[in-house]
Amino acid sequence: MGIIGWIILGLLAGGIAKILLPGRDPGGFIVTTLIGVAGAFIGGWLSAKFLDRPIQAEFFDLATWGSAIVGSLVLLVGYRILFGNSRR
């Protein structure tokens with residue numbers, strides 16, 4: 001899977017992470033999707049590096065999707081903690 005595949009996967013993973021973690025994000029839709037792309041890259045890298053799960057060449061590999069979504073969720077939660085609006 002090439003870089004374009006990872007970007008598309010990241011956009012979709014960011015959307016899924018946003019659905020799983022609803023609420024208002026400090027940066028809006030564009031920042032949330034960029035966090036999804038970064039989460040897909042980081043989740044895939046961590047999965048390959050530490051879980052001994054190589055990145056598959058197939059776009060529809062369940063483990064690749066899972067690691068991308070989890071990476072997106074982790075980054076989205078971290079982003080909300082760091083840059084969330086403290087005023088209510």
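Modeller: Let me begin with a term: a residue is called buried when its relative accessible area is under 20%, exposed when it is over 50%, and partly exposed in between, using a 1.4 Å probe and protein chains only. This is a predicted model, in which local features need pLDDT of at least 70 and side-chain atom pairs count only at pLDDT 80 or more, while totals for chains, interfaces and linings use all residues. Residues are numbered from 1 along each chain as its sequence is written, and side-chain values use heavy atoms, with hydrogens and water left out.

Colleague: Fine. Which residues of α2 are buried?

Modeller: In α2 the buried residues are T32, T33, I35, G36, V37, G39, A40, G43, G44 and S47. Helices here are DSSP runs of H or I with at least four residues, numbered from the N terminus.

Colleague: And what covers them?

Modeller: The cover over the buried residues of α2 includes α1 and α3, where contact means heavy atoms within 4.5 Å.

Colleague: How does the length of α2 compare with what it should span?

Modeller: The expected span is 1.5 Å times one less than the number of residues, so the 23 residues of α2 should span 33 Å, and the end C-alpha atoms, which are 32 Å apart, agree with that. Just after α2, D52 takes a positive phi of about 55 degrees.

Colleague: Now α1. Where do its buried residues sit around the helix axis?

Modeller: The buried residues of α1 are G5, W6, L9, G10, A13, G14 and A17. Seen down the axis of α1 they fall within an arc of 165 degrees, so they line one face of the helix; the arc is taken from the directions from the helix axis to the C-beta atoms. On the other side of α1, I4 and I19 are exposed.

Colleague: At what angle do α1 and α3 cross?

Modeller: Their axes come within 8 Å and cross at roughly 60 degrees, the axes being lines fitted to C-alpha atoms, for helices over the stretch in contact, with angles from 0 to 180 degrees between N-to-C directions. That makes α1 oblique to α3, because angles under 35 degrees count as roughly parallel, over 145 as roughly antiparallel, 65 to 115 as roughly perpendicular and the rest as oblique. On the α1 side the contact includes W6, L9 and A13, and on the α3 side it includes W65, A68 and S72.

Colleague: What about α2 against α3?

Modeller: The axes of α2 and α3 come within 6 Å and cross at roughly 125 degrees, and the two helices are therefore oblique to each other. Among the residues that meet there are I35, G36, G39 and A40 in α2 and G71, S72 and L75 in α3.

Colleague: S72 keeps coming up. Is it buried or exposed?

Modeller: S72, which is found in helix α3, counts as buried because its relative accessibility is 1%. Leaving aside neighbours within four places in sequence, S72 is in contact with A13, G14, A17, I35, G36, G39 and A40.

Colleague: Changing topic, where is G23 found?

Modeller: G23 lies in the loop between α1 and α2, and at 42% relative accessibility it counts as partly exposed. Once neighbours within four places in sequence are left aside, G23 is in contact with K18 and R80. G23 and R80 are 57 residues apart in sequence, and their C-alpha atoms are 10.0 Å apart in space.
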